[in-house]
Amino acid sequence: MTDSVLYSVLLLVSLGVIAAVVLYFVSKKFYVYENPLIGEVDELLPGANCAGCGSPGCRSFAEKLVNTEDISNLFCPVGGNDVMKLVAAKLGKEVAEKDPTVAVLRCQGSCDVRPKTTEFQGPRTCAISAMIYSGETDCQYGCLGDGDCVKVCKFDAMYMDETTGLPVIITDKCTSCGACVEECPRDIIEMRPRNKKDLKVFVGCLNEDKGGIAKKSCAVACIGCSKCLDICPKEAVTIVNNLAYIDPAYCTLCRKCVDVCPTHSIIETNFPPKKVKKVEEKVAVEKKEKVAVIKETIVEPVNEKTDA
Amino acid sequence: MSQPIIISASPHVHSERTSKKIMYDVVIALIPAFLVSLYVFGINAFIVTAVAVISCLAFEYLIQKYLLKTEITIGDGSALITGILLAFNLPSGLPIWMIIVGSLVAIGIAKLSFGGLGFNIFNPALVGRVFLLVSFPVQMTMWPTAVENNLSMADGVTGATTLGMIKEGLMFGETMTEIATKIPSTIDLFLGITGGSIGEMSAIALLIGGIYLLVRKVISWHIPVTMLVTMAVITGIFWVINPEQYANPLIHILSGGALLGAFFMATDLVTSPMTKKGMVIFAVGIGVITVVIRLFGAYPEGVSFAILIMNAFVPLINTYFKPRRFGANIKSKIV
Amino acid sequence: MLKTFPKGGIHPPENKLTSSKNIKRLAVPKMVNVPIAQHIGIPAEIIVEVKEKVKIGQVIAKSGGFVSSNIHSPVAGTVTKLDKIIDTSAYKKQCIVIRTDVKDESNFEEKEYPLKQEIELSSKEILQRINEFGIVGLGGATFPSHVKLNVKEGVKIDCLLINGVECEPYLTADHRLMLEKSEEIIVGIEILMKALNINKAIIGIENNKKDAIDLFKKATKNNSKIQVAALQVKYPQGGEKQLVKALLKREVPKNGLPLDVGVIVHNVGTIFAIYEAVQYDKPLIERVVTVTGKKIENASNFWVKIGTPISDLIAEVGGMPEGTRKIVNGGPMMGKAIKNTDVPVTKGTSGILVIAEDEASRGEPKNCIRCGECVYVCPMGLEPHLLMNLSEKGLFERASNEDIMTCIECGSCSYVCPSDRPLLDYIRFGKNIVKKLQTSKN
């Protein structure tokens, strides 16, 4: 009896010792040197593994950062300038500073302004829809509404609005990783600079059809009328193929174009509510304080909620 | 036009066959066997079947509604079939609570925990049956005889199936000639005048059902034919070598769950291979394992174990036995 | 036992409602919209300007490369605009819009084309003409014919196969053409045989067109070079690879072409177009279109000018029936559902099918029950259920290894699936991605 206990204990102990020795030598023999910097840089990165930088994950991006001489064209969109500065300090390399960006949806074709003319039956993904047909509406440029962008967003920064049939970007949560931009088969989502207070002015339409046709398929389509082009003081607007585009590099957010757009296809976000001029001028001074109050109360929920 | 035009990718027509229709075809095919069991076992057969069917449907509904919170699919007929097949594999006198436990295992563990219809690896009814067999071996091998039905076999069998009697007889050193006087005749086996699980006795009824399934193209001949032929060949070899120690192939095929298994359990669409080649291999495996269990194992019957074991190999079979690709390994004549 | 291909295939209800209807000539439309991308390959380049007057048969868009084709004006008239118009892909594509000149008599005169049997042109000239006159495969794939016929030196072709199968349900355009133009088609076959310098041709016709089989058998009685073969009715027998296998028992290698086994396959419609181009200098500006549907009053076959809006055809057969839910350009198995009836007839339009509510809707997809039905019916020996799964999960590398690219998109898998799963939709999607990955790799 004692013998069998002894034997089994001995057997297991010797097995353990042999295994430990083997493992020790194997780990020595096959040791792979890795720059300890990689681990340290990896610590600095956000760890979201969103692939927004172009590398498959944060670890491989860290490797790239450590192993590349010039990292000025590498950028972590999620961490932004803060993280990149830390990385630069750690590695002693130069990094480029980029303005923070945020995703915007360049389509306002909700169910009520862009009527459905056909019914699609098949798998509900944008990728397949875009391949098989041009959408349930007559607009072949706008949002398909099957929510592929929502599915790829790793930060819960998007959701589908049931009533409009369009995705909504929660700006506060958006890390500008670019996954949705990549996924959208129609290139509707664009990365635009996150200005102060998240103010943005952009054309919420991609319809390249001629005015009449565009307008027929969608009430808020850009009809290429070039009114915005004429009024823009900074030449930020270009019109190609009956479609206006506002270049964020030149736009000063003066919002003149928003007012002249006949189809309301230019979107402004997070601006304080507009003063109705005639009334405001008369009582401007008196109301200043009040306006400020309104600003606060109204701006914030808008800020929290969404744009687009 | 009142409604918008539909856009969809081709094809724009669809065959009349639906999975629901396939399921109900299987149910129809099981009716003859059920009628025979009613005739042999009377009201008990009905009670067991009804309890199994109702509890399977109820468990599917309850689990899907309250546990998984998914779409409820009791209308597709698959739970109905699981219930019937489970009942067909049970002795007619089983306590009702055991049937309910079996149904819970079949639907809850074997089917829904894998993801529901189409995702289960093992045949749910068989999992339920085997679970009961290993948990309650006494009750699961108490085969009530058809005494109340005053049939020809009324005086004969008490609590053992044909295969059970053979196994027992051989264990006590009897020869097949001696055993043959105790077991039902081949014709009785064929007609179903014998003891056993509710649905497995009547060869003729199962054959009618199986042929119906073949005609309706719900199943193909590959699995049942290969499985039965394999069993016949192997048992035949042993029988030829020593007819006093081994029962003849006909008894093996007609008794126990061989026919029910071959036509209804092994051919279960979800848990059988996709290609004809794979089906043949699958069925050969079932045949071999069944015979090995029957001849050398502790249990008199092995069809359910054999099918479950081969079910586990189906993904592997599907991976390695693919249909031949059109034009594969053909060389161009252009140099 | 009649010949057929051995693996897979399905038997959808034939519904050939119009097989006894003569091909009528549709009135010249007031306006034609001629797309510049009617064929597989590079779109043609527009060479006319707005307000330019064009004659019938004049080249209005020039072949944009080797795999491309000329496009000719189907009517005499004035180019009113170069616009983007919705085509069968449901996207707006570049079109040339021509208003028919009602005063120009060439639009309305019915030219007689008596049978002309002597082939005057040389082999080279024939091929040249096929190229110039915009002939593309009229079976539906619209592959430019001159590319198919451009056999490199050293490649031995021993047999020409003529595809008169028309395995798509409902469609009867090829069937009627074979009945009405059998003599011309035989001359067309001889033209091609001369061009390719081969001595053997087989016409494959499915057995549901017995009248056409008899007619061709009679017509080729004294012609030892041309054989007529009756085939079992089975979809997709009109697929090139399936037809070669059925008629010659030769199997086209994976990712290969019929050329790889010394065969060229052409559709009867293409043969007739070649006949007209070679013997009468007539470019491809019209084709036979079957307009059909269970609710259509006067379903029939028509000679239609390329570019005619489909609404004209629908009007001709008695208007759009009540409760129409789907309009298909082509047959029910491979045709495309179109968005509206402004879509023009192109070289690839073999039929217009109007489907009512009861047949138009697809069933809700349910769980795959792994019945393997899709595997049995796949004529290419693929596993559609697996390919769909891989595409759905984004495992395109594996899908490519499972030969997703050899799928001919016949739709048999989706047709039989008892769970109404959109197998082909996902396979198409997977093919698209795999193709992109392959081109980006190269």
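What radius of gyration would a compact globule of 335 residues have, and what does chain B have? The globule would be near 20 Å and chain B has 22 Å, which agrees. Here the radius is taken over C-alpha atoms, and the globule rule is 2.2 Å times the number of residues to the power 0.38.

Hi everyone, a quick word on conventions. This is a predicted model, where local features need pLDDT of at least 70, side-chain atom pairs count only at pLDDT 80 or more, and totals for chains, interfaces and linings use all residues. Residues are numbered from 1 along each chain as its sequence is written, with chains lettered from A and ligands numbered from 1 in the order in which they are written.

Let's stay with chain B. Along the principal axes, its C-alpha atoms fill a box of roughly 75 × 60 × 30 Å. Chain B has 15 helices and 1 strand; these are DSSP runs numbered from the N terminus, helices being H or I with at least four residues and strands E with at least two. Of its 335 residues, 53% are buried, meaning that 20 or more other C-beta atoms, placed from the backbone, lie within 10 Å of a residue's own.

Now to the cores. A nonpolar core is a set of buried Ala, Val, Leu, Ile, Met, Phe, Trp, Tyr and Cys residues joined through C-beta atoms within 7 Å. The largest one has 142 residues, and Ile274(C) and Leu313(C) have the most contacts inside it. Helix H7 of chain C, residues 268–280, supplies the largest share of this core, 8 residues. Apart from this core lies another, of 88 residues, including Ile84(B) and Met165(B).

Who touches Leu313(C)? Beyond neighbours within four places in sequence, its contacts include Leu26(C), Phe302(C) and Ile352(C); a contact means C-beta atoms, placed from the backbone, within 7 Å.

On to where the chains meet. Chain C brings 59 residues to the contact and chain B brings 37. On the chain C side, strand E15(C) gives the most, with 5 residues. By class, that side has 27 nonpolar, 14 polar and 18 charged residues. Ala, Val, Leu, Ile, Met, Phe, Trp, Tyr, Cys and Pro count as nonpolar, Asp, Glu, Lys and Arg as charged, and the others, Gly among them, as polar.

Last, a helix pair. His175(C), Met178(C) and Leu179(C) in H3(C) meet Asp211(C), Ala212(C) and Leu215(C) in H5(C). That contact comprises 4 nonpolar, 1 polar and 1 charged residues. Thanks, all!

Conventions:
A residue is buried if 20 or more other C-beta atoms lie within 10 Å of its own, exposed if 12 or fewer, and partly exposed in between; C-beta atoms are placed from the backbone. Two residues are in contact if their C-beta atoms, placed from the backbone, lie within 7 Å.
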